[in-house]
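I opened my notebook to look up a few side-chain pairings. Here is the structure I worked from.

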Amino acid sequence: MAKASDKAARTSVWLDSKAHRRRGGSGQPSGLDRARIVEVTVRLLDAEGLARFSMRRLAGELNVTAMSVYWYVDTKDDLLELALDQVMGEMRLPDPDADEDWRDQVGALAREYRTLLVRHPWVSALVGVFLNIGPNNLAFSRTVQRVVRRTGLPARRLTSTISAVFQFVYGYGTLEGHLSARAAAGGMTVDEYFQQALSTVTAAPQAADVIQESQEIMAARGGDTVAEMLERDFEFALELLIAGIEAMVARERGA
């Protein structure tokens, strides 16, 4: 394991050839490898959340001692960084060189990122913690940059455009993922949890006006389920963002 003095200096598991290193030695447990460890880590994080995850809990699931896991990773943070990059690889990335409209590709990337955040609620808590320089993270970032370049905006506007789209998706997907996790923790569907929460809030006199107006807005939006409502909101918000990019492209060209 890394010394305390090394931990402060180390910035990523992907540096110093650590990401693919496996220690040797007679104490190395048989029938265990890093891929298996990362796979089970992701499964535990999905099932129990980041707060409950520990190396001891992981070792128990693998039926090995906690020290056995350290043959393959130096620290818990290293393992979480590996797990984060592993699930980033689940996204289907468009080909920036394909003969496709950039609008469709921006939309596809936004939807894939949202799906990832909802499927793995723990991801949102980790993306700002690590440098995110694993191969899958880099593939996503590279694709986003190349697709957004195709909008026609000048280079000085690209980071702002990427932030507008993907920070929106991050926030939306994070809240949606937390909603799903909260409902599951209570043994309810998302619709059941939503109705229970709405009933509870409606009972608060200080919230009556806000809740009444919110219900009118939600009724106008349409949708029989929470999933339908969330989908409609996301798609229209994404449409607004893409329309905004188009407007800014036109403004830059007319400047």
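Which residues does Glu176 touch, not counting residues up to four places away in sequence? I looked up the contacts and found Arg114, Val118 and Leu230; contact means heavy atoms within 4.5 Å.

**Ground rules**

I noted that this is a predicted model, where local features need pLDDT of at least 70, side-chain atom pairs count only at pLDDT 80 or more, and totals for chains, interfaces and linings use all residues. Residues are numbered from 1 along each chain as its sequence is written, and side-chain values use heavy atoms, with hydrogens and water left out.

**Entry 1: around Glu176**

I placed Glu176 in helix α9 (residues 158-185). Helices are DSSP runs (H or I, at least four residues), as are strands (E, at least two), and they are numbered from the N terminus. Is Glu176 buried or exposed? Glu176 counts as buried because its relative accessibility is 13%; the cut-offs are under 20% relative accessible area for buried, over 50% for exposed, and partly exposed in between (1.4 Å probe, protein chains only).

I then checked its side chain and found a polar contact of 2.9 Å with the side chain of Arg114. A polar contact is a pair of N or O atoms within 3.5 Å; within protein, one must be able to donate a hydrogen and the other to accept it, and residues adjacent in sequence count only if both atoms are side-chain atoms.

Arg114 turned up again in my notes: its charged end sits over the ring of Phe234, 4.5 Å from the ring centre. For this, NZ of Lys or CZ of Arg must be within 6 Å of the ring centre and within 35 degrees of the ring normal. Phe234 counts as buried because its relative accessibility is 0%.

**Entry 2: aromatic pairs**

How many aromatic pairs does a search of the whole structure find? I got 6 aromatic pairs. Rings of Phe, Tyr and Trp (its six-membered ring) pair if their centres lie within 6.5 Å; planes under 30 degrees apart count as stacked, over 60 as edge-to-face and the rest as tilted.

Tyr113 and Phe140 have ring centres 5.4 Å apart and planes at 40°, so I wrote this pair down as tilted. Tyr113 lies in helix α6 and Phe140 in helix α8 (residues 135-149), so the pair ties together parts 27 residues apart in sequence. Both Tyr113 and Phe140 are buried.

Phe168 and Phe234 make a stacked pair, with 5.6 Å from centre to centre and 20° between the planes. Phe168 is in helix α9 and Phe234 in helix α12, so this pair ties together parts 66 residues apart in sequence. I also found a cluster in which ring pairs link Tyr113, Phe140 and Phe166.

**Entry 3: salt bridges**

My search of the whole structure gave 15 salt bridges. A salt bridge is a side-chain nitrogen of Lys or Arg within 4 Å of a carboxyl oxygen of Asp or Glu.

I looked up Glu246 and Arg103, whose closest N and O atoms are 2.4 Å apart in a salt bridge. Glu246 lies in helix α12 (residues 226-254) and Arg103 in helix α6 (residues 102-119), so the pair ties together parts 143 residues apart in sequence. Glu246 is partly exposed at 33% relative accessibility, and Arg103 is partly exposed at 30%.

Arg111 and Glu235 also form a salt bridge, at 2.9 Å from N to O. This pair links helix α6, which holds Arg111, to helix α12, which holds Glu235, across 124 residues.

Glu61 and Arg43 meet in a salt bridge of 3.0 Å, N to O. Glu61 is in helix α3 (residues 55-62) and Arg43 in helix α2 (residues 34-48), 18 residues apart. Which residues are linked with these two in a network of salt bridges? The network consists of Arg43, Glu48, Arg57 and Glu61.

Most residues other than glycine have a negative phi. I noted that Asn63 has a positive phi, near 65°, and Asn132 has a positive phi near 55°. Asn63 is in the loop between α3 and α4 (66-69) and is exposed, with a relative accessible area of 70%. Asn132 is in the loop between α7 (123-126) and α8 and is buried, with a relative accessible area of 17%.
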